Amino acid sequence: MKRKTPVLIGMTAALALTLTACSGDDGGSDTPPAAEGPVTLTLAGWSLSSTPEFQTLADAFNEENPDVTVEVQEYAAGDDYDTQMTADLAAGTAPDVYVLKNLKNFFTYQSGGQLLDVSEVTGALDPSTGGLDAYEADGASYAVPYRQDSWVLYYNQDMFDEAGVDQPDGSWTWDDYEQAANDLTDGLEGDARGTYQHSWQSTVQGFALAQSGGALDTADYGYLEPFYDRVLDLQDSGAQVDFGTITTNSLTYQAEFGTQKAAMLPMGSWYVATLIAQQASGEADEFAWGLAPIPQVDSSTTGTDATPVTFGDPTGLGINAGIDEEKIQAAQDFLAFAAGEGGANALAEIGITPALLGDDVVDTYFGLEGMPTDDLTRFAFSTHETLPENPVGASTAIVQNILGDLHSAVMSESTSVADAISEAEARAANEAGIS
Amino acid sequence: MATIAADERSPGAVGPGPDGPRTGRNRAGRKLKLRNTLIGWSFILPNFIGFAVLTLIPVFALFYVSFTNWNVFGAAQWTGLDNYTRLFGDASFQKALFNTFYYSVFHIPLTLAASLGLALLLNRKLRGVAFFRTVAFFPYITSVVAIAVVWNMLFSPEFGPINQFLRAIGIDNPPGWTTSATWAMPAVILVSVWREMGYYMLLLLAGLQTVPAQLYEAARMDGANAWQRFWNVTLPGLRPTMFFVTVMLTIQSFKIFDLILVMTNGGPGQSTLVLSQYIYQKGFVENQFGYASAVSVALFAICLVVTIIQFIANKRRES
């Protein structure tokens with residue numbers, strides 16, 4: 001009989017686990033009664049030790065609302081975040097408030113009924129908040145953006161001077177960029193190169209999609225061709241390290257730009273904080289750098305009196321549809337805070353680009369130690385039309401996978417640009433049902 | 001005794017009814033049997049619960065899901081054979097299927113040959129044999145991510161040691177390995193043979209030690225040379241092990257996933273996309289769990305059919 005005891009315990013535990021896992025309740029439709037007394041909200045985050053933004057928001061909110069404590073729960077970093085979040089949402093164990101890391105999976109969460117309607121919160125936000133309308137579906141809003149990174153051109157001023165090449169002045173088209181990359185490569189000593197475009201598909205496709213008016217859900221990807229032709233030219237001329245070397249040697253953009261192996265780097269604004277931190281810690285070399293607007297297709301959007309077009313997904317916060325009713329009010333307050341002035345200032349202080357870029361916020365951001373203070377950097381950081389990398393739609397995730405294959409096939413020069421594009425179009429029609 | 005027994009059995013006798021004593025013995029026997037069964041069950045139950053909850057039930061669920069359009073959230077809608085008919089028109093699935101066979105057709109015989117060679121080499125009295133066996137087994141216990149990163153560097157087209165060596169011996173245009181659609185699969189096969197040969201070597205070593213020494217002695221007496229001894233003594237003696245190794249190797253090859261995911265991620269283009277990775281993409285990246293399940297069922301069917309063929313072939317050889 002004794003032998004059966006552990007079995008019984010095991011079975012009871014299994015039963016208990018199964019039952020508790022299934023107890024996720026669905027949110028009611030009545031006006032939620034606000035909880036009396038202290039409330040604890042849970043918030044999802046990733047890589048907490050190196051990504052302080054979640055704790056920063058939680059602490060800043062708690063300071064203003066001592067009754068509400070926000071507890072950050074750690075999730076996997078990278079693509080695994082969405083996989084893990086999907087599993088937890090399906091199991092009913094996800095936190096009250098969770099981060100929408102990019103727009104690719106917003107459709108899945110929203111159409112799957114995993115997000116609470118937060119139109120009230122969105123309606124009260126500053127309309128100039130970046131990425132505000134990205135979370136709209138069926139006439140309602142399902143998340144608020146608290147962070148809006150956008151892609152800019154980082155450049156190493158010392159290397160430009162050394163090579164005797166004119167620094168960017170905000171008027172660059174992609175042709176000017178290509179010319180400068182080649183000139184830099186010729187003018188620089190050693191094996192330093194003009195530019196570094198990382199192996200991600202977005203370093204080519206993000207700009208192509210935003211600047212040439214293309215779309216993902218049309219199965220017409222001809223707009224990618226001039227962008228790929230240019231990158232392949234740069235790769236062939238040696239002004240940019242080739243794709244195979246990046247993937248086989250696991251090169252990082254932080255090391256390439258930070259240790260002055262490349263004079264230019266198109267990258268998202270999140271890298272500003274990293275670069276400042278790495279220069280302070282000695283991981284990156286000491287050199288003068290600045291930000292310039294990302295090069296444009298033609299001169300109609302260049303110059304500091306125009307608004308350059310770039311891309312970037314907002315990072316949003318949504319409320320889990322399975323949240324306890326009495327916590328809804330607190331969660332909505334948290335969203336309003338995070339996407340509003342309070343959250344924006346707290347984020348700018350730690351070098352994060354908030355979605356709300358008021359003058360105060362930009363001042364806070366440029367008050368960081370190690371931040372360049374020239375006018376062009378300020379312009380590049382604060383002025384841009386940022387289009388989404390992953391326009392919300394049912395086929396976005398599928399098409400991005402297909403275009404990811406296109407990217408590696410073209411960049412490794414295994415397939416010609418034209419062939420790869422027609423193959424991707426055929427696959428989009430077949431796999432995503434786009435005609 | 002016999003009389004008493006007869007008396008007791010006689011009708012109307014006081015005491016236990018007919019078959020009295022036997023029933024008593026039976027009851028005790030049944031009790032013992034029940035007890036033993038329960039004890040037996042309680043031994044395998046912890047494992048069986050784990051197996052049922054984590055493997056058996058999900059497998060049944062998989063078959064069900066493959067007939068639906070489930071996308072993780074909400075209810076699954078029954079779509080009948082839609083997912084399966086879609087497989088036939090899906091060029092990416094066919095590409096993944098082709099690549100899986102491409103990988104297996106080279107990976108299975110090469111690993112078998114390499115591990116058998118190693119096993120024969122290390123099955124003799126050799127100074128430091130334990131050391132060499134450990135060395136051969138090392139790749140198998142090394143993290144696959146570390147393996148992928150290091151091999152990718154070795155394969156680097158411009159600066160990798162492999163291509164530098166090839167250039168040094170006069171090959172002007174060495175392959176692009178993992179950066180070329182043509183050479184990525186051979187590169188992956190090479191690494192996976194290297195990674196797995198140690199494990200199968202170990203199994204074959206164990207098999208080699210079961211071949212009776214007298215047989216070799218007898219063969220030698222008959223004047224058989226080394227090759228004849230290998231062909232007529234070693235190989236037949238190894239047949240049960242070989243069968244096990246081949247079956248395991250085949251299934252492992254069909255479901256290759258981790259190495260490819262970290263080494264090439266299916267690329268360049270779709271040149272190293274295999275079935276397991278396609279399942280992962282469709283399911284966990286694109287949230288088409290219904291379709292991903294249908295692909296899994298296809299993979300399951302392929303493994304099943306190939307294993308059955310191997311069983312039949314083995315039976316035939318045995319008789």
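Predicted model: local features only at pLDDT ≥ 70, side-chain atom pairs only at ≥ 80, totals over all residues.

Q: How many helices and strands are in chain A?
A: Chain A has 18 helices and 13 strands. Both are DSSP runs numbered from the N terminus: helices are H or I with at least four residues, strands are E with at least two.

Q: How compact is chain A?
A: Chain A is as compact as a globular protein of its length, because its radius of gyration is 24 Å, close to the 22 Å that the globule rule gives for 435 residues. That radius is taken over C-alpha atoms, and the rule is 2.2 Å times the number of residues to the power 0.38.

Q: What box do the C-alpha atoms fill?
A: Roughly 80 × 50 × 50 Å for chain A, along the principal axes.

Q: And what share of chain A is buried?
A: Buried residues are 49% of the 435. Buried means 20 or more other C-beta atoms within 10 Å of a residue's own; exposed means 12 or fewer, and partly exposed is in between, with C-beta atoms placed from the backbone.

Q: Which domains does chain A have?
A: Domain 1 covers 35-149 + 312-357, and domain 2 covers 151-310 + 383-431. The bounds come from an automatic or database domain assignment. Their centres, taken over C-alpha atoms, are 29 Å apart.

Q: How many residues does each domain put into the contact?
A: Domain 1 of chain A gives 15 and domain 2 of chain A gives 18. Contact means that the C-beta atoms of two residues, placed from the backbone, lie within 7 Å.

Q: New topic. Which way do the residues of β10(A) point?
A: Trp289(A) and Leu291(A) point one way, Gly290(A) and Ala292(A) the other, and all are buried. In a regular strand the side chains alternate between the two faces of the sheet.

Q: What joins β7(A) to β10(A)?
A: Four bridges, and the two strands run antiparallel. Strands pair if DSSP finds at least two bridges between them. Leu153(A) stands opposite Ala292(A) in β10(A).

Q: Last one: how many residues are in contact between chains A and B?
A: 37 residues of chain B are in contact with 31 of chain A. On chain B's side, α2(B) gives the most, with six residues.

Notes
Residues numbered from 1 in each chain as written. Chains lettered and ligands numbered in written order.
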